[in-house]
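Thanks for making time this morning. I'll walk you through one model, and please hold questions to the end.

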Amino acid sequence: MLEMLAWAIPVAPLIGCLVCTILAFRGDRDWAHWPAVMALAISAVCTLALVATFSDESGVAVVHGYTWLDIGSLRLDVSLRLDSLSLTLLSVVTVVSCLVAIYSREYMRGDPGYARFFAVFSGFVFCMTMLVMANNLLLLYAFWEGVGTCSYLLIGYYYRKPSAAKAAVKAFLVNRVADCGFLLGILLLSYAIGQTSVGAGASVVGRLDFATIFAASQELFNKFPDLVGWIAFLLVIGAIGKSAQFPLHVWLPDAMEGPTPVSALIHAATMVTAGVYLMARMAPLMVYAPDVLVTLAWLGAITSIAAAVMAMFQYDLKRVLAYSTASQLGYLFMALGCIAVPDMMTIAVMAAMFHLFTHAFFKALLFLSAGNVMHAMGDVIDMRYFSGLRKVLPKTNVLFGIGAAALAGLPPFAAFFSKDTILSLLSDASADTDYGGHFTGLMVVGFLTAFLTAIYTSKTYFHTFWGKEVTPPEAGDHPHEATTIMLLPMVILAVGAVLAGLLLGPTGSILHYIAKTPGMDALHGEHHEAMWVLVTSTLVAIVGVAIGYKLAQPSTSKAVSNDFVTAIGDFGRNRLYIDTIYQALIVTPSEWFAKWLGWFDETVVDGLTQLVGQSPGFAGLMLKRFQTGMVSSYAMVTACGIAALALWIATQ
Amino acid sequence: MTSQLLIPLLVFLPILVGVTLCLVAGKKSSWISDIATSFSGLMVIAAIALLCAVHGAQGSSEAAGLIQPQIVFGPAWMELKLPFAIQGHSVNWQLQLGADSFSAMMVLLTSLVTFAVLMTARTQITERRDLYDGMILITQGILMGIFLAMDLLLFYVFFEAVLIPIILLMNIWGDPKESLRASRKFLLFTLAGSIPMVVGIVGIVLQSATAERASTVLLPQLSAIAFESQLTRGVTESFASSQFLILAALMLGFGIKMALLPLHSWLPTTYSASHPNTTALIAAVVGKLGVYGLLRIVLPLTPVALSVYCQIVVGTLGAIAIVYGALIALKQTDLRRLMAYSSLSHMGFVTLGLMAMNREGIAGATIQMFNHGLITAAMFLMIGMIEQRRGRLVLGNENFGLAAAYPHLGFLMVFFTLAGAGLPGLNSFVGEILAMMGMLRVSAGIVGIAVLGTVLGAWYALRVLQHVMFSSDGKTNKRNAGTADIGWADWVALAPLALLCIVIGVRPSTFTDTMKVDVDRMAVSLEPAAKALHPTIDTLAVVKK
């Protein structure tokens with residue numbers, strides 16, 4: 001039963017993907033949502049059934065599939081791993097994807113690539129569920145690349161648009177840079193595990209199975225402390241690429257070229273959390289590299305604050321949300337950094353997974369609301385061209401409002417609890433003797449980001465839905481509210497955005513659930529959140545929202561515009577010039593070098609080898625006479641030679 | 001017994017049919033290409049049968065030696081008596097054809113690619129198609145001969161003979177402006193390679209003869225001798241130096257053929273001057289002959305010298321080729337040349353795997369040879385299809401937007417590009433990861449260079465997709481007007497290749513299980529040789545029994 005349920009989760013979307021592919025070849029525009037939505041619903045139901053029924057003594061169940069490869073030192077099985085950690089993310093992935101698929105039925109209606117959309121969409125869910133359930137690091141990597149490819153195909157969904165085609169390539173390549181590090185880390189890890197007693201012993205051991213890695217990590221650290229640090233660092237590179245963290249965050253804003261449901265599912269709720277999942281999954285190994293973890297936390301902190309600044313100055317509604325996603329993911333990495341502090345692994349992982357869980361709901365909700373706005377405004381998403389939409393889109397107004405309140409961290413919405421868990425975790429960690437200073441700094445950044453988040457969220461919300469009603473000409477005469485089929489999944493997400501925090505956080509249920517994951521530390525006593533953190537963050541959120549409301553008023557934004565604000569604004573809108581710097585320092589020099597190398601190859605290398613090759617020809621007149629340059633004569637000579645040889649053999 | 005007959009069938013029948021077709025060509029009869037295609041389809045079935053037979057016959061051979069063909073075809077009449085003596089023994093060489101898993105994989109590749117090439121030739125080749133079909137079949141037969149040769153003499157004869165049809169194919173159907181110069185260059189390079197190769201082969205044969213033992217050209221015997229002397233003389237510098245000259249000659253010969261950096265410059269010109277349909281066969285199979293020679297001859301016969309003199313150097317060259325080829329491909333504007341440099345880059349992984357000299361490396365290299373054959377054949381065939389509709393493709397400012405105009409072609413192009421970029425779940429990933437895993441046990445630095453290839457490889461490949469397939473609406477483009485998407489024949493040609501890409505990617509053990517026995521045998525001598533001379537190399541404790 002367990003095996004059936006477990007396999008149904010990835011296999012159903014795979015079948016959905018194949019059926020939709022066939023429909024895509026037939027040019028279908030009406031039916032493709034059926035296989036996709038049904039497959040995703042099966043997936044979601046199976047996941048929830050597993051969450052409800054799964055209770056194993058050891059806390060983990062491995063469902064064996066088949067042997068992928070078994071040669072030399074490498075053995076790799078395709079098998080699924082079920083434990084609390086994977087089930088938590090799995091329920092987010094399947095439920096949100098199913099809701100977004102229902103939404104997409106209306107959003108994508110009549111699009112020429114309708115079936116293609118659902119094919120890749122299902123394919124993505126297949127890859128993502130396999131990524132989460134992979135029992136082996138290399139298998140995780142395989143599907144890690146798989147979700148990246150689906151993301152590439154979906155960002156480039158409107159492939160006739162040059163900007164979409166370009167953004168797709170950018171996303172894939174930035175991710176590949178990160179994956180390159182990740183892959184090297186995996187290779188090194190498999191090498192290192194082979195040197196330990198665990199890996200060298202039985203020949204049937206899959207070296208990269210998580211159980212093996214966890215069992216070997218203590219010995220690995222004793223044997224090669226430096227190498228473990230490097231491996232952890234390389235894994236971190238992989239994680240920050242997929243989760244769009246500084247300095248590899250540049251692909252995420254451009255990824256908004258994809259259809260809005262894709263932004264909601266892949267680039268907000270699920271795929272971008274894969275990096276967080278990787279770190280949480282590998283926590284038993286990462287704990288041996290505290291310096292790397294602190295670096296990771298700081299990268300998260302830089303991202304969270306820089307992305308919040310950039311979000312503040314964007315005109316594009318979807319890009320505001322994209323930067324906000326990068327910023328929120330930064331929180332998750334700050335939380336994961338606390339693994340470096342002794343005995344805090346479980347709480348750190350729990351805090352990260354908690355915020356991941358709530359974020360998936362409210363961010364997907366916000367993106368889908370943005371999709372409604374975009375639909376009503378005739379695909380215009382630039383906030384300078386519309387405002388005051390609360391009469392035009394009354395229901396979307398409420399839904400967006402709930403999402404925004406959750407993002408801003410207002411109590412009692414979901415992110416209030418999950419964000420506070422992280423902040424109080426950081427405050428606990430700052431008591432640590434070795435890394436306490438770092439975590440104090442990180443906590444300050446965390447509060448600052450919370451403040452900025454409240455400002456840009458409320459500014460965006462109030463600007464879009466309140467004030468004077470303005471609609472762009474593209475919207476036509478009667479911009480309309482979204483249909484019921486679109487609103488229904490949004491309502492479910494909104495319920496999650498309101499209740500998920502309250503139900504999971506203060507009750508401690510998520511903490512005890514995550515703590516069941518094998519490899520996590522045992523819990524030490526009850527975890528209490530500091531009262532001052534709760535109070536401060538509530539104040540920060542309220543003040544931020546008020547400032548955001550002020551900023552959204554057209555009059556005030558003019559009044560405060562002086563040189564300094566304009567300069568900061570330009571800085572933020574130009575993405576802090578990070579993309580420009582990459583272009584100038586990495587892309588252009590590489591292309592220049594490539595061009596030079598091409599010239600070098602064609603003239604120098606070719607010239608020299610030809611010269612050497614022909615030199616015997618100059619040596620003797622005899623040979624020179626035969627160098628007629630006629631290929632037929634060369635062929636003739638060769639043919640004669642072979643014929644003579646054949647004749648000679650025959651006469652023997 | 002019947003499986004033995006597959007071998008002469010695979011080698012000689014295509015040559016026979018090909019020659020016949022060439023002779024009756026020009027009669028303007030359309031059924032000739034039907035015969036050629038159906039015949040090559042039969043050859044695919046025969047090749048699959050051979051692979052199954054090899055898989056079934058595993059472990060049946062009792063003889064010692066690193067090369068043990070599971071299926072042997074060596075009747076008594078294939079014996080060569082020469083009127084001179086070596087070391088006091090009269091020369092009496094038994095010749096042999098045979099198949100182990102490496103051969104069988106390459107035979108399958110050859111037959112599949114030939115089938116695809118003949119299938120697409122129905123629309124691609126408009127002039128003298130009968131002759132073209134005949135020539136392709138002759139080439140196929142000779143290539144099969146190379147892969148199934150189990151002695152040095154037949155190997156060499158087939159190795160050289162394949163040049164004749166290739167040169168003719170290049171010239172008659174190639175680009176009229178370039179092909180003459182290109183084929184001259186190809187021939188010069190190859191001939192420059194054959195001379196040292198002959199020297200090396202003669203050297204091996206001479207060394208095989210001692211006072212007690214007559215000389216032999218049979219690879220199973222030669223490899224047994226090599227292993228025996230490795231055991232008796234030990235893995236020492238002096239033993240290595242006695243093989244140095246042979247190794248140098250062979251490496252020069254095969255190095256040119258495998259386009260080892262910096263001997264590769266024949267490759268871009270050859271690939272771009274031939275008709276893309278022909279290039280598919282050249283790039284997919286002929287381009288593998290060098291590395292196959294390395295696997296078949298150099299690795300099992302001179303492992304000690306190889307590990308002393310070449311392992312690190314050639315491994316580094318392979319890693320550099322990965323980056324070098326990918327970088328140059330990045331800025332190529334002609335799609336044919338771009339694919340040529342991409343081949344150079346992908347073949348770097350094969351070199352890397354072979355130079356790892358361990359189980360993962362060899363398995364990875366063999367899989368990668370096969371993979372790259374599938375992918376590159378498909379890519380060149382698709383370039384042919386595009387060029388037939390659009391003229392020669394030059395990337396520049398023009399917007400093609402072909403995906404909108406030819407959705408089926410676009411789908412296949414994206415599929416094979418992703419396969420080539422090493423997407424997990426498709427075939428290249430398997431070969432690359434195995435090759436890198438093998439090499440990592442030798443040198444982390446070399447792998448550090450090679451792993452950059454995964455980024456650069458994706459960069460140029462996706463750039464091609466972006467500019468050729470996407471970025472504009474090809475339906476409204478006037479230059480696409482009046483052309484249609486690919487037809488059923490093209491699908492029949494490419495679908496088997498795509499299917500195999502998926503099979504290998506999803507379940508590589510389908511093939512690696514067959515290869516395992518042969519890989520283990522090779523590793524028995526290679527791993528100790530590498531380990532003894534480079535003590536830092538990690539030969540893992542896992543030795544499966």
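**Chain B, the interface, and some local detail**

Let's start with chain B, which has 23 helices and four strands. Its radius of gyration is 23 Å, close to the 24 Å that the globule rule gives for 545 residues, so chain B is as compact as a globular protein of that length. Along the principal axes, its C-alpha atoms fill a box of roughly 75 × 55 × 40 Å. Buried residues account for 63% of the chain. Take the contacts in chain B with a separation of 6 or more: 82% of them are between residues 24 or more positions apart.

Keep in mind that this is a predicted model. How confident is the predictor in chain B? The mean pLDDT is 86, and 96% of the residues reach 70 or more. One stretch to treat with care is residues 540–545 of chain B, where pLDDT stays under 50. The model has nine contacts beyond four places in sequence for that stretch. Where pLDDT is low, the predicted coordinates should not be read in detail. For the complex, the predictor gives an ipTM of 0.90 and a pTM of 0.91.

Now the interface. 54 residues of chain A are in contact with 69 residues of chain B. Which elements of chain A give two or more residues to that side? They are strand 1 (60–71), helix 5 (137–155), helix 6 (162–194), helix 25 (578–619) and helix 27 (631–651). Helix 6 of chain A gives the largest share, 15 residues. By type, the chain A side divides into 30 nonpolar, 15 polar and nine charged residues.

Next, the core. The largest nonpolar core has 466 residues. The members that touch the most others are A:L336, A:A348, A:A364 and A:L365. Helix 16 of chain A, residues 345–376, gives the most to this core, with 22 residues. Look at A:L336. Beyond four places in sequence, A:L336 is in contact with A:V276, A:M279, A:A280, A:L296, A:A348 and A:A352.

Back to chain B for a hairpin. Strand 2 (residues 79–86) and strand 3 (residues 89–94) of chain B run antiparallel, joined by six bridges. One pair to find on screen is B:K81, with B:N92 as its bridge partner in strand 3. Two residues lie between the strands. B:Q87, in the turn, has a positive phi of about 55°.

Then there is helix 5 of chain B, residues 152–161. Eight of its ten residues are buried, so this helix is largely enclosed by the rest of the structure. Among the buried ones are B:F155, B:F158 and B:F159, and also B:E160.

Let me compare a few single positions. A:V132 sits in helix 4 of chain A, residues 114–133. Is A:V132 buried or exposed? A:V132 counts as buried, because it has 30 C-beta neighbours inside 10 Å. Beyond four places in sequence, A:V132 is in contact with A:S86, A:L89, A:L90, A:V93 and A:Y277. A:R81 is 51 residues away along the chain, yet the two C-alpha atoms are separated by 8.3 Å.

A:D226 is in helix 9 of chain A, residues 225–242. A:D226 is exposed, with 8 other C-beta atoms within 10 Å. Its C-alpha atom is separated by 8.9 Å from that of A:A289, 63 residues apart along the chain.

In chain B, look at B:T333, in the loop between helix 14 (303–330) and helix 15 (335–356). B:T333 counts as exposed, with 12 C-beta neighbours inside 10 Å. Beyond four places in sequence, B:T333 is in contact with B:V394, B:L395 and B:G396.

Last, some backbone geometry. The peptide bond between A:F246 and A:P247 is cis, with omega about 0°. A:P247 lies in the loop between helix 9 and helix 10 (251–254) of chain A. That loop also holds A:A244, which has a positive phi of about 55° although it is not a glycine. A:A244 counts as buried, with 30 C-beta neighbours inside 10 Å. Another cis peptide bond runs from A:P411 to A:P412. A:P412 is in the loop between helix 17 (394–408) and helix 18 (414–429) of chain A.

Chain B has B:M357, with a positive phi near 55°. B:M357 lies in the loop between helix 15 and helix 16 (359–390). B:M357 counts as buried, with 31 C-beta neighbours inside 10 Å.

That's my tour. Questions now, please.

Methods:
Residues are numbered from 1 along each chain as its sequence is written. Chains are lettered from A and ligands numbered from 1 in the order in which they are written. This is a predicted model: local features need pLDDT of at least 70, side-chain atom pairs count only at pLDDT 80 or more; totals for chains, interfaces and linings use all residues. A nonpolar core is a set of buried Ala, Val, Leu, Ile, Met, Phe, Trp, Tyr and Cys residues joined through C-beta atoms within 7 Å. A residue is buried if 20 or more other C-beta atoms lie within 10 Å of its own, exposed if 12 or fewer, and partly exposed in between; C-beta atoms are placed from the backbone. Two residues are in contact if their C-beta atoms, placed from the backbone, lie within 7 Å. The radius of gyration is taken over C-alpha atoms; the globule rule is 2.2 Å times the number of residues to the power 0.38. pLDDT is the predictor's confidence in each residue, from 0 to 100. Ala, Val, Leu, Ile, Met, Phe, Trp, Tyr, Cys and Pro count as nonpolar, Asp, Glu, Lys and Arg as charged, and the others, Gly among them, as polar. Two strands pair if DSSP finds at least two bridges between them.
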